[in-house]
Amino acid sequence: MNKNLLGFWLYIVSDCITFSILFILFLSTNSFCFKNLIFNYRTLLIETVLLLLSSYLSIKVFRNNRNKYYYLNIIFSIIFLLIEYKDFYHLKKINLFYYTNNYLSNYFVIIGFHALHVAISILFCLNLLFLNTIEKNFKINNIIFSIFWHFIHIIWLCLVLIIYIKK
């Protein structure tokens, strides 16, 4: 087994533990009374579709080795991050900050940590795009990229179920 791939799996396991702890902390807080006012389910659906498309494109890159899938992945990821920023800005506009209560502090940490992973995936994708290593490591790099994207969208689906849909 490749050492890079083993190290990456250890990273994924440690990230799963981190997200699990964040989810447990979120679930331990009481439900916030303005939940229906701050969440827009239409944008939530758009964000979910964008992440699932990015995950699908990571598989297309692996199978076809075409740069257009990298570009589309980057575009969808940036659109996702812009929507997340708009949501954070909306919360700030209605005077809801991370220090308002435990619910919002946990919300900001989880969403922000997930957005950080999406930003890292953009950098990873740019690295693959600009280096375009067509060596023996190219397949391993694309496998790692695809696994990372699947991890991101699985965490997003858990996040949607725990934060947005949980009643």
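This is a conversation about a predicted model of one protein chain and the terms used to describe it.

Colleague: What makes a residue or atom pair count here?

Modeller: The model is predicted, so local features need pLDDT of at least 70, side-chain atom pairs count only at pLDDT 80 or more, and totals for chains, interfaces and linings use all residues. Residues are numbered from 1 along each chain as its sequence is written, and side-chain values use heavy atoms, with hydrogens and water left out.

Colleague: How do you know where confidence is lowest and where it is highest?

Modeller: By pLDDT, the predictor's confidence in each residue, from 0 to 100. Helix α2 (residues 35–38) is lowest, at a mean of 60. Helix α4 (residues 67–93) is highest, at 91. The chain mean is 84, and 89% of residues reach 70 or more.

Colleague: How many helices and strands are there, and what counts as one?

Modeller: There are 6 helices and 0 strands. Helices (H or I, at least four residues) and strands (E, at least two) are DSSP runs, numbered from the N terminus. The order is α-α-α-α-α-α.

Colleague: How do you know that the span of helix α1 agrees with its number of residues?

Modeller: The expected span is 1.5 Å times one less than the number of residues. For the 26 residues of α1 (residues 3–28), that gives 38 Å. The end C-alpha atoms are 38 Å apart, so the two agree. Helix α3 (residues 41–64) passes too: its 24 residues should span 34 Å, and its ends are 34 Å apart.

Colleague: Why is Trp149 called buried?

Modeller: Buried means under 20% relative accessible area, exposed over 50%, partly exposed in between (1.4 Å probe, protein chains only). Trp149 has 0%, so Trp149 is buried. Trp149 lies in helix α6 (residues 137–165).

Colleague: What is Trp149 in contact with, beyond its neighbours within four places in sequence?

Modeller: Contact means heavy atoms within 4.5 Å. The partners of Trp149 are Leu51, Ser54, Ser55, Ser58, Asn73, Ser77, Val118 and Ser121. Ser55 is 94 residues away in sequence, yet the C-alpha atoms of Trp149 and Ser55 are 5.1 Å apart. Among the buried residues of α3 are Leu51, Ser54, Ser55 and Ser58.

Colleague: Why is Asn106 buried, but Leu25 partly exposed?

Modeller: Asn106, in helix α5 (residues 102–131), has a relative accessible area of 16%, so Asn106 falls under the buried limit. Leu25 is at 42%, so Leu25 is partly exposed.

Colleague: What makes Val13, Ile17, Ile21 and Leu25 a nonpolar patch?

Modeller: Patches are made of residues with over 30% relative accessible area and no salt bridge; like charges are joined within 9 Å, nonpolar side chains (Val, Leu, Ile, Met, Phe, Trp, Tyr) within 5 Å. Val13, Ile17, Ile21 and Leu25 form such a patch, with about 360 Å² of accessible area together. Areas come from the Shrake-Rupley method with a 1.4 Å probe; for residues, only the protein chains shown count as cover.

Colleague: Why is the meeting of Lys86 and Asp87 called a salt bridge?

Modeller: A salt bridge is a side-chain nitrogen of Lys or Arg within 4 Å of a carboxyl oxygen of Asp or Glu. Lys86 and Asp87 are 3.7 Å apart, N to O. The whole structure has 1 salt bridge. Lys86 is partly exposed, at 44%, whereas Asp87 is buried, at 15%.
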